[in-house]
Amino acid sequence: MPAHPEFVARFEAALRGGPLPPGLRARDPAEVERRFAVYRNNVAASLSQALATRFPVIRRLVGDEFFAALAGLYARAEPPQSPVLAEWGAGFAGFLDRFPPLAAWPYMGDVARIEHARGRAFHAADAPPVDPAVLAGADPARLRLGLHPSVILLALAHPAVSIWRRNQPGAGDIPPAAGPETALILRDRAFDVPVQALGPGDAALMAGLLAGRTLACAAQAAQAAEPAHDPQPLLVGLMRAGAITQTTE
Amino acid sequence: MLPELPGVGFKPEHFAAIRQGAAGIGFFEVHAENYMGAGGLPHAQLAALRADRPLSIHGVGLSIGGARGLDAAHLDRLRLLCDRYDPDSFSEHLAWSSHGADYLNDLLPLPYTEETLALVCDHIDRVQTVLGRRILLENPATYLRFDQSTLPETAFLAEIARRTGCGLLLDVNNVFVSCTNHGTDPRAWLADLPLDLVGEIHLGGHAAEDLPSGPLLIDSHGAPVADPVWALYAEVIATAGPRPTLVEWDNDLPDWPVLAAEAARAGAILAQGGTRLARAS
């Protein structure tokens with residue numbers, strides 16, 4: 001009868017705090033527990049470190065010690081399902097929303113949504129930007145813009161963009177904000193992943209473009225959301241970032 | 001084949017310094033799992049490194065020593081990565097790191113038995129078939145041994161290589177860490193390993209803790225290579241001749257010149273080994 005599946009199962013249960021598997025041998029038998037603890041620590045610390053790499057602002061907000069404990073609980077609730085740890089953490093924002101000890105900080109989940117989106121944008125597929133000249137002669141009533149695979153728009157219930165920005169290294173004096181925010185996240189030509197809070201007009205414009213509406217239609221929605229809205233600054237910003245990758249008429 | 005020169009584990013923090021020249025560095029090695037996104041900076045940097053120098057892709061997550069079959073999706077990711085960058089070497093570990101679908105992110109140990117030998121060989125056959133290349137298998141750093149084991153680690157590794165045709169990645173720091181932890185002689189371990197199977201050598205730093213029975217060494221990759229490890233390495237090179245040698249430093253990263261100096265130290269030992277062998281022949 002194969003013994004290895006049983007060995008792996010018992011070793012893994014012991015990593016999670018269960019009794020040590022049989023047959024462990026240390027130089028001094030009294031030190032078996034301490035030596036096994038190296039594996040326990042490696043698993044816990046490496047997963048916590050992996051999560052911290054994806055969610056540095058959450059760690060900054062809750063502190064290193066709290067974060068390590070939080071990572072342990074999250075790793076148990078939603079362990080990584082592949083060795084590609086950059087993909088781990090899709091459910092972390094929801095986990096924070098439901099985590100009772102953080103109930104007094106309801107914006108944590110939204111900050112985690114921003115950080116998760118930044119990770120996705122960082123690793124998103126490449127796509128070359130269009131030549132700005134193609135926009136000049138286009139008919140807005142027929143023009144549809146294809147956006148870079150990294151572009152993500154997040155409607156957040158809390159002022160999480162402001163919180164995220166205040167917690168960046170070297171952030172100046174950014175005033176606290178209140179109320180919901182919409183975040184625009186993309187990877188620019190220098191591979192940076194800035195986070196921008198959009199006003200209601202820009203948010204409606206972006207939502208329209210991402211939904212594949214024509215430029216005129218998206219601009220109309222923007223004006224409905226914010227009278228006298230000018231789509232130009234956002235479009236110029238997207239162009240500069242290299243985020244417009246396709247045009248169809 | 002990698003060149004018989006020193007290489008370093010690539011870290012994005014060092015990219016700008018490396019682009020200034022990185023004289024004496026014969027190859028770079030990356031962890032496969034860090035390059036499995038679709039695009040962006042990691043691939044831009046790796047493509048730039050690959051254009052200039054030989055490349056080693058080192059997997060840390062395939063769980064070759066696992067009890068269930070290999071993760072087909074992950075193996076496919078490795079195949080795509082190898083197809084994309086055509087590395088000069090692909091290597092993995094004699095360890096397991098997944099349980100079911102759950103990934104534990106550590107290189108965990110296995111007993112050395114006829115059963116695990118057959119299992120590991122099956123897994124390596126599959127990897128070599130899917131990747132269409134011979135791989136190198138790395139000896140682990142271990143903190144415990146198992147009553148269940150019926151084969152010494154060196155015999156286990158040599159038999160895997162004999163059955164599958166794979167080569168070995170000799171991590172000299174892991175040999176020193178394991179042998180110190182088990183109270184055995186690293187020189188005897190090295191004397192038992194057929195060094196002609198070694199296609200690459202790893203050197204890294206370890207951490208130490210004092211236990212009543214003696215030191216507990218932990219393979220931390222967060223410090224310079226320790227002097228006893230340098231001494232063992234020089235003996236290996238003197239015996240086996242020069243081998244591609246990687247200095248790995250994954251945690252508490254130093255500035256580039258510190259890492260480059262470690263690689264240069266390996267380079268000096270490699271050059272000496274080459275001269276000695278040339279004189280002997």
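Modeller: A few questions and answers on this predicted model follow.

Biologist: Which element gives the most to the side of chain A that touches chain B?

Modeller: Contact here means C-beta atoms within 7 Å. On that basis 42 residues of chain A meet 41 residues of chain B. α1 (4-15), β1 (24-25), α2 (32-54) and α6 (108-123) of chain A each supply at least two residues of that side. The top contributor, with eleven residues, is α2(A).

Biologist: How many residues of that side of chain A are nonpolar?

Modeller: Sort the side that touches chain B by class. Seven residues are polar and nine are charged. The nonpolar residues number 26.

Biologist: What is the bridge partner of A:Arg25 in β8(B)?

Modeller: β1(A) and strand β8 of chain B, residues 145-146, run antiparallel. Two bridges join them. For A:Arg25, the partner is B:Arg145.

Biologist: Which residue of β5(A) stands opposite A:Leu184?

Modeller: Start with the open sheet of chain A, an antiparallel set of three strands ordered β3-β4-β5. Four bridges link β4 (residues 181-185) to β5(A). Opposite A:Leu184 stands A:Gln196.

Biologist: What angle does the direction of α6(A) make with that of β3(A)?

Modeller: Within the sheet, neighbouring strands are turned by 30° against each other on average, direction ignored. α6(A) packs on this sheet and touches β3, β4 and β5 of chain A. With direction counted, its angle to β3(A) is about 175°.

Terms used
Residues numbered from 1 in each chain as written. Chains lettered and ligands numbered in written order. Predicted model: local features only at pLDDT ≥ 70, side-chain atom pairs only at ≥ 80, totals over all residues. Contact = placed C-beta atoms within 7 Å. Nonpolar A, V, L, I, M, F, W, Y, C, P; charged D, E, K, R; others polar. Pairing = 2+ DSSP bridges. Axes fitted to C-alpha atoms, helices over the stretch in contact; angles between N-to-C directions.
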